[in-house]
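Got the sequence and the 3D view open? Let's go through this one together, question by question.

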Amino acid sequence: MFKSASAERNPFSSLILLLLLIFAGAVVFTGIAFAIGTSIYGAETMLKLSSGNPGNLDLIKLVQIISSIGMFVIPALIYAKLQNKDWLGYLKIIPIPAYLALLTIVIMFSASPALEYTMQLNKGMKLPYFLKEVEAWMLQQELKMELMTKQLIIMNSIPALFVNLVMLAIIPAFGEELIFRGGFQQIFARWFGNHHVAIWLTAIIFSSIHFQFYGFFPRMFLGALFGYLLVWSGSLWLPILGHFLNNALAVFTAYWYQQQGLSIDKMFEAEPSSPVQISISFILFIVSIRYFYRYTQKLREIKKESLDGSGMG
């Protein structure tokens, strides 16, 4: 009888394997990105990029797309194939009812104002005085990431919008969910035997790797939401959908601002939602997520009864 690799390899070994694949993918595909960039834009332009002097926005996007595929998508797929013969099943890339996809869309849009409020609270975070140097470093990293984001979301045409959707929404949604919810979360679930611990530990790591400390908590909550969508539905497609909607909304918002002749800075300085909007958002989110949970539990019971019935026959 065939024994899957996941049944033989312990969680710690699985974790080391996944981390090694991520590291190897990042190194190899960054090298590929630089080789392609050099052939298109020349060695001098690539050297400027390596020394921290970007200059060419198209080149930055090219490197970002290729390195993201190499760091997230490819390692996750190789890892799943090494873990289990049924690698798609292992990653939980299975079909879902359209109704659950619609519910996920409702959940994401209802959560948006509440997450925005969490972002505002996070930005006002102050560390104790004895950690002032750490706080200064965190602020410096935040400003660098914000500057990079502002450069990446410059769009003056439909093709530029499409490229940004691929780079900032499609690849991150697919790749990061494969790695974090498909990889890390499942490893931690086997390790600790508790899906709540696995979800929140993965969410903390997910938020940490973005190196945006003043957006740490909303991103962590978002990661936890994706984790529960996976556990309750049993399909990775819903976290992918939720992740895509979250990122795509930001891309479309940035595009709309630029089409209106508004500065990108205004997008980052937009007024937060009112207390009434946040309250309504929170209530709608609780209602929709509760309904999602009950509906998925009902689907599981029906499936279990069906399997039990066929087994008895």
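**Pocket and core, step by step**

Q: How do the residues lining the second largest pocket divide into nonpolar, polar and charged?
A: This is a predicted model, so everything here is computed from predicted coordinates. The lining of the second largest pocket has 22 residues. Sorted by type, they come out as twelve nonpolar, seven polar and three charged.

Q: Which elements give two or more residues to the lining of the second largest pocket?
A: Start with the space itself, which has a volume of about 470 Å³. The lining residues nearest the centre of this pocket are V231, S233, G234, S235 and R300. The elements giving two or more residues to the lining are α8, α9, α10 (216–233) and α13 (275–312).

Q: Is L178 buried or exposed?
A: Look for L178 in helix α8. Beyond its neighbours within four places in sequence, L178 is in contact with V73, A76, L77, L91, I93, G183 and L236. Buried means under 20% relative accessible area. L178 has 0% relative accessibility, so it counts as buried.

Q: What distance separates the C-alpha atoms of L178 and L236?
A: L236 is one of the contacts of L178 beyond four places in sequence. Along the chain, the two are 58 residues apart. In the model, their C-alpha atoms are separated by 7.8 Å.

Q: Is S68 buried or exposed?
A: You'll find S68 in helix α4. Leaving out neighbours within four places in sequence, S68 is in contact with V73 and I171. Its relative accessible area is 11%, and the cut-off for buried is under 20%. That makes S68 buried.

Q: Over which residues does pLDDT stay under 50?
A: For the protein, the mean pLDDT is 86, and 92% of its residues reach 70 or more. Where pLDDT is low, the predicted coordinates should not be read in detail. The stretch where pLDDT stays under 50 has eleven contacts beyond four places in sequence in the model, and it covers residues 1–6.

Note on methods
Residues numbered from 1 in each chain as written. Predicted model: local features only at pLDDT ≥ 70, side-chain atom pairs only at ≥ 80, totals over all residues. Heavy atoms only, no water. 1 Å grid on protein atoms, 1.4 Å probe; cavity = no way out; pocket = protein on both sides within 12 Å on 5 of 7 lines; lining within 4 Å. Points joined across faces, edges and corners; volume = space filled by probe spheres on them. Helix = DSSP H or I, 4+ residues; strand = E, 2+ residues; numbered from the N terminus. Nonpolar A, V, L, I, M, F, W, Y, C, P; charged D, E, K, R; others polar. pLDDT = per-residue confidence, 0-100. Contact = heavy atoms within 4.5 Å. Buried < 20%, exposed > 50% of the residue type's maximum accessible area, 1.4 Å probe, protein only.
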